[in-house]
Amino acid sequence: MTKYDYIILGAGASGLMLAYRMAQDSFFDDKSILIIDRVRDKGNDRTWCYWENGEGEWDHILTKTWPKIFFGSEKYSDTIEIAPYSYKMISSENFYDALWKVISKKSNITFIESAVKSFNEHKDSVEVITDKEHLTCGKLFNSIAKPDLYIKQKKYPVLQQHFLGWFVKTKEEVFDDSIATFMDFTIAQKGNTRFMYVLPMDKKTALFEYTLFSQDLLERSEYEDAIKQYLSERNISDYEIIEKEMGSIPMTSFKFFKLDSKHILNIGTAGGWTKASTGYTFRNTTKKTEKLLSFLKQEQDLSKFNRMTKFWYYDLLFLDVLYKYNKEGANLFASMFRKGNTNTIFKFLDEESSVIEDLKIITSVPSKRFIQSLLKRVF
Ligand SMILES: Cc1cc2nc3c(=O)[nH]c(=O)nc-3n(C[C@H](O)[C@H](O)[C@H](O)COP(=O)(O)OP(=O)(O)OC[C@H]3O[C@@H](n4cnc5c(N)ncnc54)[C@H](O)[C@@H]3O)c2cc1C
């Protein structure tokens, strides 16, 4: 059986980013690295958006950047200039192509198209079983999520950020493509946290995504009817749907890092790199994979990589509240955006804020529910 130094399971955002970083760092030139995914060419299977302060690593492959965002709700609506931040969009196809181009040049990195069935840790190695072969490695990086692990437990609530989006093309120029609608809560909440997310790529093309932070997914027609209605309320009737996107991202404070061990590190959504309170994962993955490379040069025990921070506790309380009082999400976000500075909110959600900045955000939301949740967790 061939033994690799590293095996990376999954060539999505996190697996590919990790392999790309290894390909660019000569420290890994003498390491044998294998990537396994059941599909190599996934096409344009998603679009990733994230906010970023100034220039960033992926700027050369971005599809679009917005200098302003719109936040809408019954209590507070505003268009906000977010400089020095901007909101950035990258198509997965551009991302996969650019990264594979670099990875494919390295003779020490190979790829196998197989479905992974399981993996087992031994004293000094990890065995990976696919539908075609048995493989072993010194260290395993796993990005294949096992939702059962967090869905079946009861200690930490699990919400989903679920959405369906239409890429719409109009005949006339109807969109202001300098503004991304970050969250528009002025739609019927129906007992949940529901908002429209709108990303105009140019004056005639935009993505309309009907999004919920809630427990249960909807029938497909419910998302689509809501988009139709939103468009019609804005007198947008002459359009064609050029593409659709659907997804569901777990939002939970489940302790993913407890699944890590000396030779196995869970990465990406499988490793808890999805921000529990927002579902955003892409930028965190950029930061975490960078940190992971430095870590691997000094440390052998992978269970020491993912750490709990104060932000884990903030997310825990936020999700406790959102889970129990799901219809109050619009008010919570509206208070935060009305009273807080948007750049501080971004910093806070990026887990880069100071304690003083944390306090500014925490005190901007109605405290009653959070105190109740805190007391419940403590006692
Ligand atoms: C439609 C959509 C839009 C999103 N938009 C955003 C966004 O705008 N901003 C943001 O920050 N986050 C977003 N996310 C969340 C997150 O960034 C993505 O889900 C991201 O792709 C997660 O990266 P990952 O590496 O954890 O998983 P993935 O990118 O899903 O990679 C996992 C890989 O594992 C492979 N795989 C799965 N099972 C097996 C198996 N048994 N054997 C072999 N291979 C297997 C899959 O083919 C896949 O390539 C979005 C998610 C979705 C679904």
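I am working from a predicted model, and I began with strand β7, residues 85–91, which is mostly covered, since five of its seven residues are buried.

Next I looked up what pairs with this strand. I found that strand β3, residues 47–53, runs antiparallel to β7 and is joined to it by seven bridges, and within this pairing I noted that E52 stands opposite S86 in β7. Strand β4, residues 64–66, also runs antiparallel to β7, here with three bridges, and K64 is the residue I found opposite M89 in β7.

I then turned to the domains. The assignment divides the protein into domain 1 (3–46 + 91–152 + 253–304), domain 2 (158–251) and domain 3 (310–378). I checked how domain 1 and domain 3 are placed, and their centres, taken over C-alpha atoms, are separated by 31 Å. Six residues of domain 1 and seven residues of domain 3 take part in the contact, and on the domain 1 side I counted one nonpolar, three polar and two charged residues.

Last, I looked at the whole protein, in which I find 10 helices and 17 strands. Buried residues make up 39% of the 379 residues, and of the contacts with a separation of 6 or more, 74% join residues 24 or more positions apart. The C-alpha atoms fill a box of roughly 60 × 55 × 40 Å along the principal axes. I also compared the radius of gyration, 21 Å, with the value near 21 Å that a compact globule of 379 residues would have, and the two agree.

Note on methods:
Residues numbered from 1 in each chain as written. Predicted model: local features only at pLDDT ≥ 70, side-chain atom pairs only at ≥ 80, totals over all residues. Domains from an automatic or database assignment. Contact = placed C-beta atoms within 7 Å. Nonpolar A, V, L, I, M, F, W, Y, C, P; charged D, E, K, R; others polar. Buried ≥ 20, exposed ≤ 12 C-beta atoms within 10 Å, placed from the backbone. Helix = DSSP H or I, 4+ residues; strand = E, 2+ residues; numbered from the N terminus. Pairing = 2+ DSSP bridges. Rg over C-alpha atoms; globule rule 2.2 N^0.38 Å.
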